[in-house]
Amino acid sequence: MPDLIAPQTTVLVITLNEAPNLVRCLDRLDWARRILVIDSGSTDQTLQIAHRYNNVEVVHRPFDSFADQCNFGLSLIDTPWALSLDADYELSSTLVSEIHSLRESSVQGYSAAFIYRIHGRVLRGSLYPPRTVLYRVRAARYRNEGHGHRVVVDGPIARLSAPIYHDDRKPLQTWMDSQKRYANAEADHLLAADPSTLSGVDRLRLLAWPAPLLVFLYTLVIKRGLLDGWAGWYYALQRTIAEALLAVNLIDRRLAPTSFSPDHAARDTPTPGSALDNET
């Protein structure tokens with residue numbers, strides 16, 4: 001029917017060396033008429049995997065920032081709606097059904113909650129926030145925020161009831177290398193921002209020392225990671241390491257502020273991985 005959203009939707013996926021994740025992402029998108037993959041120079045099997053799917057179109061673009069990469073992708077979409085996914089996202093079957101039931105209304109976008117997985121093992125909770133993933137193209141624009149990016153949609157946003165699975169299975173060393181870059185970009189963002197515009201969480205992170213300790217306890221106890229076995233410990237330690245790298249970066253700048261030149265942010269612009277926010 002003409003007022004159904006799914007037939008009017010193009011899927012947008014940003015990739016760089018996402019071979020360990022891409023199959024799980026694309027297998028859930030066989031209903032999509034067009035999947036637009038914006039790749040920034042993958043050297044693993046990402047492109048070979050993408051070309052296996054008849055509904056996938058690959059466009060190559062050198063990476064400059066997450067927001068610019070996504071905005072470039074939006075400029076190539078000729079349908080009214082876009083579904084923006086990281087390569088390590090997997091739509092749940094219930095979410096696919098829900099998307100197929102959506103009809104045109106005053107709503108301009110839809111956000112979804114996430115179920116976090118570690119190598120396929122489901123966690124009871126995570127720090128990963130809901131994200132606007134489905135939106136009307138003409139109402140949307142991406143902007144950079146720290147090491148990540150966020151889509152700004154003009155108009156009402158509704159919440160989808162079914163979840164998306166997040167499960168990044170790229171090598172641990174890839175994650176570690178990314179966090180070093182992300183810590184620099186996030187420190188740039190926090191130090192440059194007007195403190196009155198920062199969220200309570202970001203103001204706490206700006207203090208540096210409390211965040212790693214609190215994140216460790218929060219993920220293990222409040223988010224019940226202790227009940228998730230090794231997967232829970234893995235996740236808690238990952239998040240603690242990420243916050244510790246940011247804290248050390250902030251403290252280092254306060255102790256030696258002259259060591260950072262004006263082109264520092266340009267040198268440390270993060271390259272794409274999975275994500276869009278502090279879970280990346």
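In the predicted model, arginine 117 lies over the face of tyrosine 165, at a distance of 3.8 Å from the ring centre.

Contacts between aromatic rings were examined next. Nine aromatic pairs are counted in total. One of these joins tyrosine 89 and phenylalanine 114 in a tilted arrangement, with 4.8 Å from centre to centre and 55° between the planes. Tyrosine 89 belongs to strand β5 (residues 89–91) and phenylalanine 114 to strand β7 (residues 114–118), so this contact ties together parts that are 25 residues apart in sequence. Tyrosine 89 and phenylalanine 114 are both buried. A further tilted pair is formed by tyrosine 116 and tyrosine 128, for which the centres are 6.1 Å apart and the planes stand at 55° to one another. This pair links distant parts of the chain, with tyrosine 116 in strand β7 and tyrosine 128, twelve residues apart from it, in the loop between β8 (121–122) and β9 (131–136). Burial again applies to both partners, tyrosine 116 and tyrosine 128. Through ring pairs, Tyr89, Phe114, Tyr116, Tyr128 and Tyr235 are linked into a cluster.

Strand β2 (residues 35–39) is largely enclosed by the rest of the structure, because five of its five residues are buried. The side chains of this strand are divided between two directions: Ile35, Val37 and Asp39 point one way from β2, whereas Leu36 and Ile38 point the other way, and all are buried. Strand β1 (residues 9–15) runs parallel to β2 and is joined to it by five bridges. Within this pairing, isoleucine 35 of β2 is the bridge partner of valine 11.

Two or more residues of the patch are given by each of the helices α7 (210–222) and α8 (229–255). Helix α8 gives the most, with four residues.

Notes
Residues are numbered from 1 along each chain as its sequence is written. This is a predicted model: local features need pLDDT of at least 70, side-chain atom pairs count only at pLDDT 80 or more; totals for chains, interfaces and linings use all residues. Side-chain values use heavy atoms; hydrogens and water are left out. Rings of Phe, Tyr and Trp (its six-membered ring) pair if their centres lie within 6.5 Å; planes under 30 degrees apart count as stacked, over 60 as edge-to-face and the rest as tilted. Buried means under 20% relative accessible area, exposed over 50%, partly exposed in between (1.4 Å probe, protein chains only). A charge sits over a ring if NZ of Lys or CZ of Arg is within 6 Å of the ring centre and within 35 degrees of the ring normal. Two strands pair if DSSP finds at least two bridges between them.
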